[in-house]
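Hi there,

Here is the model I promised to send over.

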Amino acid sequence: MDPKYTQALVLVLFASILGVSNSYLNKDWQYSDWGSKRGSHRPGYTATPNKIIVGGSANWTFGFNYSVWAFKSGPFYVNDTLVFKYDPPSEKNIHPHSVYLLPDMWSFINCNLTRGVKIANETQGAGEGFRFVLKNWKPYYFACGASDGYHCNVGRMKFFVMPYLRRWHY
Ligand SMILES: *[C@@H]1O[C@H](CO)[C@@H](O)[C@H](O)[C@H]1NC(C)=O
Ligand SMILES: *[C@@H]1O[C@H](CO)[C@@H](O)[C@H](O)[C@H]1NC(C)=O
Ligand SMILES: *[C@@H]1O[C@H](CO)[C@@H](O)[C@H](O)[C@H]1NC(C)=O
Ligand SMILES: *[C@@H]1O[C@H](CO)[C@@H](O)[C@H](O)[C@H]1NC(C)=O
Ligand SMILES: *[C@@H]1O[C@H](CO)[C@@H](O)[C@H](O)[C@H]1NC(C)=O
Ligand SMILES: [Cu+2]
């Protein structure tokens, strides 16, 4: 595919993802009856942080659409824990996953890992998985670092979350 076309497409898709999250935000901010909305969205809502397995039963894997997953699994809250589960390197697993935190939206769109920070290496997803707490009220851009961005780009192993401040909902 022509790279220019790919980039335009990605931008449009990204804008639509942002649009979706914004409508989420607005809905939450008009909180007149948020209790019932919360209740219907996430039954058994409590003020204690949640622990969410990234990808659900798919775990952290090549080809799974994490943007869709993040949208369906949200909203997330400050102090929620994301759990990344993936197999360690082995003979069968020669391109093991990892987890990077990217600095901004542009790096995220382009899957540019240059200024990213590796927060979990190839072995840390084993067993109970790698746990990451969304400590701050800011956007988090996650990506897999395998094969220099190939897993991120082609494998769709990227998503971002903007956690809410839970106390607004007290
Ligand atoms: C996800 O990880 C769990 C271990 O934490 C494992 O039991 C399960 O089989 C994994 N799922 C897939 C699809 O690999
Ligand atoms: C990735 O980002 C770095 C630093 O921000 C930049 O120098 C480099 O050109 C970028 N790579 C690509 C492929 O865009
Ligand atoms: C990955 O990180 C863990 C925990 O910090 C460390 O014990 C392990 O040696 C690292 N493994 C590799 C392959 O770098
Ligand atoms: C995930 O799926 C959505 C909806 O089908 C699509 O718009 C988006 O481009 C996909 N994400 C990636 C990274 O392929
Ligand atoms: C998150 O947890 C820290 C440490 O337990 C606490 O001080 C902070 O108030 C919590 N933040 C929110 C928004 O719940
Ligand atoms: Cu990967």
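This is a predicted model: local features need pLDDT of at least 70, side-chain atom pairs count only at pLDDT 80 or more; totals for chains, interfaces and linings use all residues.

Residues are numbered from 1 along each chain as its sequence is written, chains are lettered from A and ligands numbered from 1 in the order in which they are written, and side-chain values use heavy atoms, with hydrogens and water left out.

The structure holds 1 disulfide (a pair of cysteine sulfur atoms within 2.5 Å). Its partners are Cys111 and Cys152, with sulfur atoms 2.0 Å apart. Cys111 sits in the loop between α4 (105-110) and β4 (117-120) and Cys152 in helix α5 (residues 150-153), so the bond ties together parts 41 residues apart in sequence. Helices (H or I, at least four residues) and strands (E, at least two) are DSSP runs, numbered from the N terminus. The link is left-handed, with -80° about the S-S bond.

Are these cysteines buried or exposed? Cys111 is buried at 5% relative accessible area, and Cys152 is buried at 0%. Buried means under 20%, exposed over 50%, and partly exposed in between (1.4 Å probe, protein chains only). Cys144 is also buried, at 0%.

Now to the ligand. Around ligand 2 are Asn112, Thr114 and Arg115 (a heavy atom within 4 Å). A polar side-chain atom of Asn112 lies 2.4 Å from a ligand 2 oxygen; for Arg115 the distance is 3.3 Å.

Best wishes

Terms used
A polar contact is a pair of N or O atoms within 3.5 Å; within protein, one must be able to donate a hydrogen and the other to accept it, and residues adjacent in sequence count only if both atoms are side-chain atoms.
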